[in-house]
Structure formats: structure tokens, C-alpha cells
Amino acid sequence: MSRPFIMVAPNGARRGKADHPALPVTLTDILDTARACHLAGADGLHLHVRDADGRHTLDADRYKEALAELGAHLPTLRIQITTEAAGLFDVRTQHACLRDVKPEWASISVREMARDPALAPRVYDLCAAQGTEVQHILYNTDDAALLRDWWDRGIVHAHQTSAIFVLGRYATADGSSPADIAPFRAALPQVTNWMVCAFGPQEHACLAAAAALGGNLRVGFENSLTAANGTPHTDNATSVATLCQMLERKAA
């Protein structure tokens with residue numbers, strides 16, 4: 001088994017210090033976490049920025065500041081921004097964020113884009129024109145069917161084929177299971193550049209299963225704060241290191 005690409009998602013849009021004291025909120029927190037996670041084995045970082053009150057934001061200036069700092073201090077760590085609405089932002093705001101930040105890489109939910117069918121094609125056109133790699137966020141097989149339809153209709157460009165399969169949800173008590181991968185793979189067999197993230201205590205088991213199938217991995221406090229036995233991770237870097245050790249044991 002070749003080593004997968006490992007991305008850390010250290011905070012997300014909904015969690016804060018009350019959920020875990022080591023969850024990064026400020027830019028200084030994010031830089032410190034990114035450095036530790038890179039040393040622990042992370043190849044990339046899924047970036048959420050927060051406003052002055054610690055809330056999820058798509059503010060372009062905050063994104064550009066964070067990207068500049070991360071690029072200056074950790075030039076070999078690949079950065080992906082999120083366009084997650086989190087119940088706060090419409091498609092027009094998401095489009096403006098992508099236009100103003102011009103990121104190298106961004107995650108975009110087809111489900112969220114479908115809220116504005118007239119504007120959705122312009123989001124994918126913009127990304128193609130400015131060289132932003134799109135990773136489609138897929139929460140279930142209905143999202144996969146929508147993505148297939150949009151490829152067929154030319155709304156999503158033919159080269160925009162990268163996807164992340166989201167296993168489980170914040171509100172699901174028992175989280176995710178490795179078996180949750182199969183329906184996504186069956187729905188999108190043509191997608192070769194795919195990644196998995198998994199909510200709940202089976203996060204690492206799900207990611208190891210994805211790696212065995214040729215997938216890439218996203219790990220971190222956005223999705224799970226604890227080990228399989230329910231013990232909280234010390235920090236994001238601990239979770240990354242634990243995952244890397246699991247993969248090494250399976251590869252041996």
C-alpha cells in the first residue's frame with residue numbers, strides 16, 4: 001500500500017475552545033497547529049478562518065493573511081481553503097470568496113452550490129479560469145448523483161473530478177464506519193482522486209480502510225476529537241501521528 005496524502009482539518013466551522021482547549025481558533029493557533037501537524041506527518045491543511053469573535057467566516061482578507069503566513073512559514077504544506085456555508089453564507093458570498101482569494105485549492109459542496117442554480121456554473125467556471133483546484137464535498141450518494149448530472153450537463157468541468165466523501169455527521173452519536181465508504185465508491189467509480197473524512201471515534205479505522213482502497217485521508221478535530229476508546233486526543237498533531245503509526249503498522 002502506497003502512502004496516501006494526509007490532510008489535517010484542525011478546527012472546522014462549528015467547534016471551538018469549549019469543545020477542546022487545543023482546537024485552533026486564532027491565526028497564531030492555526031500556524032502552531034499546522035507546524036506540529038506537518039512534523040507529525042500531515043501533507044496538507046484544510047483551512048477554516050475565524051472572525052474576531054471566533055466564528056466561521058469566508059472573509060477574503062483573513063484568508064489571504066492566513067495563506068501568506070502559512071506559505072511563509074510552511075512552504076511545503078499544501079493548503080486548501082473551505083467554502084463551507086455552515087448555515088451562514090449564500091452561494092454569492094462563496095463565489096466572492098473564491099474570486100477574491102484566488103486559492104490554489106478549495107473544497108466546494110455541490111449540495112450548497114445547488115441552492116443557486118443560476119450562479120453555480122459560474123463558481124466552477126471561475127475556478128477553472130483562475131486555476132483553483134476543486135475538491136467536491138459529498139455528504140451522501142444523492143450528492144454523488146448530482147455531481148454526475150452536473151458533469152453530464154457541463155456545469156462542472158470535466159477535469160474537476162476530485163472529491164471528498166464525508167462519513168457520518170456531527171449529530172450522529174455513533175459516528176461513521178468503514179462500511180460507509182462503499183456506497184460512495186459504487187456511485188462514483190470513475191473518480192480516482194478521492195479522499196475520506198470521518199466523524200466519530202472510528203475516524204482512524206475509516207481512514208485506514210480508505211487508504212487500503214487507494215484513497216487519500218483527512219484527519220483532525222473538525223471530524224473527531226477522540227481516539228477509538230473515547231479518550232480525547234491531546235491535540236491535532238497527536239491524532240495525525242496516531243494515524244500515521246496505524247498506517248505504518250498496516251504497511252509493514
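This is a predicted model: local features need pLDDT of at least 70, side-chain atom pairs count only at pLDDT 80 or more; totals for chains, interfaces and linings use all residues.
Reader: How far apart are the closest N and O atoms of R55 and D53?

Author: R55 and D53 form a salt bridge, and the cut-off for one is 4 Å. D53 counts as exposed because its relative accessibility is 59%, and exposed means over 50%. The closest N and O atoms of R55 and D53 are 3.2 Å apart.

Reader: Which residues join R78 and E133 in sequence terms, that is, which strands do they lie in?

Author: Let's begin with the contact: E133 forms a salt bridge with R78, and the closest N and O atoms are 2.6 Å apart. The pair ties together parts that are 55 residues apart in sequence. Both ends are partly exposed, E133 with a relative accessible area of 27% and R78 with 25%. The strands are β7 (residues 133-138) for E133 and β5 (residues 78-82) for R78.

Reader: How many salt bridges does a search of the whole structure find?

Author: R55 with D51 and E133 with R78 are two examples. Searching the whole structure gives a count of 13.

Reader: Is the Y124 and W150 pair stacked or edge-to-face?

Author: The count comes to four aromatic pairs. For Y124 and W150, the centres are 6.0 Å apart and the planes are 70 degrees apart. Planes over 60 degrees apart count as edge-to-face, so this pair is edge-to-face.

Reader: Which helices does that pair tie together, and are Y124 and W150 buried or exposed?

Author: Y124 is buried, with a relative accessible area of 0%, and W150 is buried too, at 5%. The parts they tie together are 26 residues apart in sequence. The helices are α5 (residues 120-130) and α6 (residues 141-153).

Reader: What is the angle between the planes of F165 and W194?

Author: F165 in strand β8 and W194 in strand β9 are 29 residues apart. Both count as buried, F165 at 0% relative accessibility and W194 at 2%. Their rings are stacked, 5.6 Å centre to centre, and the angle between the planes is 20 degrees.

Reader: How far apart are the end C-alpha atoms of helix α9?

Author: Helix α9 has 16 residues (236-251), and at 1.5 Å a residue it should span 22 Å. The end C-alpha atoms agree with that, being 23 Å apart.

Reader: Which residue caps the N-terminal end of α9?

Author: Among the buried residues of α9 are A237, V240 and L247, and what covers the buried residues includes β1, α1, α8 and β10. At the N-terminal end, a side-chain oxygen lies 3.3 Å from the backbone nitrogen of A237. The capping residue is D235.

How values were computed: Residues are numbered from 1 along each chain as its sequence is written. Side-chain values use heavy atoms; hydrogens and water are left out. Helices (H or I, at least four residues) and strands (E, at least two) are DSSP runs, numbered from the N terminus. The expected span of a helix is 1.5 Å times one less than its number of residues. Buried means under 20% relative accessible area, exposed over 50%, partly exposed in between (1.4 Å probe, protein chains only). Contact means heavy atoms within 4.5 Å. A polar contact is a pair of N or O atoms within 3.5 Å; within protein, one must be able to donate a hydrogen and the other to accept it, and residues adjacent in sequence count only if both atoms are side-chain atoms. A salt bridge is a side-chain nitrogen of Lys or Arg within 4 Å of a carboxyl oxygen of Asp or Glu. Rings of Phe, Tyr and Trp (its six-membered ring) pair if their centres lie within 6.5 Å; planes under 30 degrees apart count as stacked, over 60 as edge-to-face and the rest as tilted.
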